[in-house]
Amino acid sequence: RLLIIDFGSQVTQLIARRLRELNVYCEIHPYQNVTDDFLREFAPKAVIFSGGPASVFADGAPMPPKTVFDLGVPILGICYGQQVMMHCLGGKVERGHGTAEFGRAFVTPKGAALHILDGWFADGREQVWMSHGDHVSAIAPGFEVYGTSPNAPFAVTADVARNFYAVQFHPEVHHTPKGAKLYENFVKLAGFKGDWTMGAYREEAISKIREQVGDQKVICGLSGGVDSSVAAVLIHEAIGDQLTCVFVDHGLLRLGEAEQVVTMFRDHYNMTLIHADESDLFLGALEGVSDPEVKRKTIGKLFIDVFQKHANEVGGAKFLAQGTLYPDVIESVSFSGGPSVTIKSHHNVGGLPEKMGLKLVEPLRELFKDEVRALGRELGLPQTFIGRHPFPGPGLAIRCPGEITREKLDILRQADAVYIDQIRKHGLYDEIWQAFAAILPMRTVGVMGDGRTYDYALALRAVTSVDGMTADYYPFTHDFLGETATRIINEVQGVNRVFYDCTSKPPGTIELE
Ligand code: XMP
């Protein structure tokens, strides 16, 4: 396996990503944890030093242990990682007064060909992405220069005899188009065969879970979403009945969703599942509430209380399982404590582990969303489940602007089911990030047969997006929209008008509240 020593770059996760795409198993560890003992035990086959925001001149500047250079394995230093390598091995780094460089640059080859640059320079030069303050001003003994750019005379350096490579740019980002090739060359020379698979990850994760949990009990909050489902199935495979899942049903789920979750996990996977049907409690608390933030806070708080109550019934649990993903870890590190405006308060169970005195089991912490899906397939979860659109924690409450009533929720559930059925029938489901119906807080006049109607209006929403942070509305054909509106009005009693939401994000948000 390959060790990535993290010096705090925002894009360290992308290095892991590029290596996984090459079917190479790697782990990221923060430099503070990488001690001599750690290195001996980890026994990496190759090491990568990530970039980072620090300066090697700062007091307590992040450094790897010196013994890393005696392991006899290939090392690749990136950006700050290059500076660290030069600093440790006798080169010189200069402070970046006025020489900071951010953005696109072009590297041209120098001297002999270097094997980690195989496949580069087809056009005589290669685009790379620079982002650094300080820079190397003299390379360490044994090193040679193999690539330069106008502002970076030491863009690519290497001590080929010792297999040490150091680059000033970031090969892991897409702005370095041949970056993936550089990683491929590096892992090849380190002797990786590229045979690491999700099957292998599954086995490793299972033994890690067993080791962490021992014979203790674990509770898992199951929402029916992909992340918590995959986490639950994986943990169940590792420790069987020591796991109890708590599924809080707030009465704000989609048509048939609660039944599906219960059937799949209880009957198919044979898990111990508490179905906490608390819809009366939630809908009662939401009566008369129409302010979006009050809705979210009411649901969030109740959710924690209810989850805690049911989790306590399990008795003696020591661990809480969560489907935390790698991007969640990064976001919570880099944005913690920063000033930001609350657009919408997000619903999750933050703070609960401390409150309940539980330790966390997070078997998906190293994975990206598409890797979680691959793991889900590996674990036999059905594709309809794995490929599902995201669904917000507060559920249909935020798709029902204004006051929430059971009548409106029923209408909404039916209409949403018809809409999604239409999208699936037209083969569009996987092209869309998220699609749903919302019921508007108004009635309009219509005519059906010979009679006048005075019913609810619906808004249909569908967006494409990469990460939910920005989104474009989906350009359905007019035929599709017309057919869908007709179906909904004919099949769902209580709706006589359908709008399509053509707002992108920003300025709109994906959900209506
Ligand atoms: P917005 O509406 O903020 O949504 O553009 C962005 C993405 O986040 C989802 N979302 C939530 N997910 N708890 C969640 O787990 C929440 O409180 C929540 N609010 C919005 C939304 O469905 C979309 O995918």
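Which residue stands opposite Leu320 in strand 16? Leu320 stands opposite Leu360. The model is predicted, and local features require a pLDDT of at least 70, side-chain atom pairs count only at pLDDT 80 or more, while totals for chains, interfaces and linings use all residues. Residue numbers start from 1 along each chain as its sequence is written. Helices (H or I, at least four residues) and strands (E, at least two) are DSSP runs numbered from the N terminus.

Strand 15 (residues 317-321) and strand 16 run parallel and are joined by three bridges. They belong to an open sheet of five strands in the order 14-13-12-15-16, with parallel pairing; two strands pair if DSSP finds at least two bridges between them. Strand 14 (272-277) and strand 16 (359-361) stand at the edges with a single partner strand each, so one side of each has no neighbour in the sheet. On average, neighbouring strands of this sheet are turned by 30° against each other, direction ignored. Helix 9 (residues 292-314) lies across strand 12 (217-221), strand 13 (243-249), strand 14 and strand 15, and runs at about 150° to strand 13. Axes are lines fitted to C-alpha atoms, for helices over the stretch in contact, and angles run from 0 to 180 degrees between N-to-C directions.

Nine strands form another open sheet, ordered 2-1-3-4-11-10-9-6-7, in which the pairing is mixed. Its edges are strand 2 (26-30) and strand 7 (126-132); each has a single partner strand, so one side of each is left without a neighbour in the sheet. The twist from one strand to the next averages 25°. Within this sheet, strand 4 (residues 75-78) and strand 11 (residues 164-167) run parallel and are joined by four bridges. Leu76 has Tyr165 of strand 11 as its bridge partner. Helix 3 (residues 80-89) packs on the sheet and touches strand 3 (46-49), strand 4 and strand 11, its direction making about 120° with that of strand 4. Contact here means that the C-beta atoms of two residues, placed from the backbone, lie within 7 Å.

The UniProt annotation "active site", from an unreviewed entry, covers Cys79, His170 and Glu172. These residues span 94 residues in sequence, yet no two of their C-alpha atoms are more than 11.2 Å apart, so they gather at one spot. UniProt positions follow the numbering used here, feature names are shortened, and annotations may be inferred rather than shown by experiment. His170 is found in the loop between strand 11 and helix 4.

Helix 4 (residues 179-189) packs against helix 1 (residues 12-21) at an angle of about 65°, with the axes 10 Å apart. The two helices are therefore roughly perpendicular (angles under 35 degrees count as roughly parallel, over 145 as roughly antiparallel, 65 to 115 as roughly perpendicular and the rest as oblique). The contact is made by Arg18, Leu19 and Glu21 of helix 1 and by Gly179, Ala180, Tyr183 and Val187 of helix 4.

Helix 6 (residues 226-239) and helix 12 (residues 369-378) pack at about 45°, with their axes 10 Å apart. Helix 6 and helix 12 are therefore oblique to each other. Val226, Asp227 and Val230 of helix 6 meet Val372, Arg373, Leu375 and Gly376 of helix 12 in this contact.
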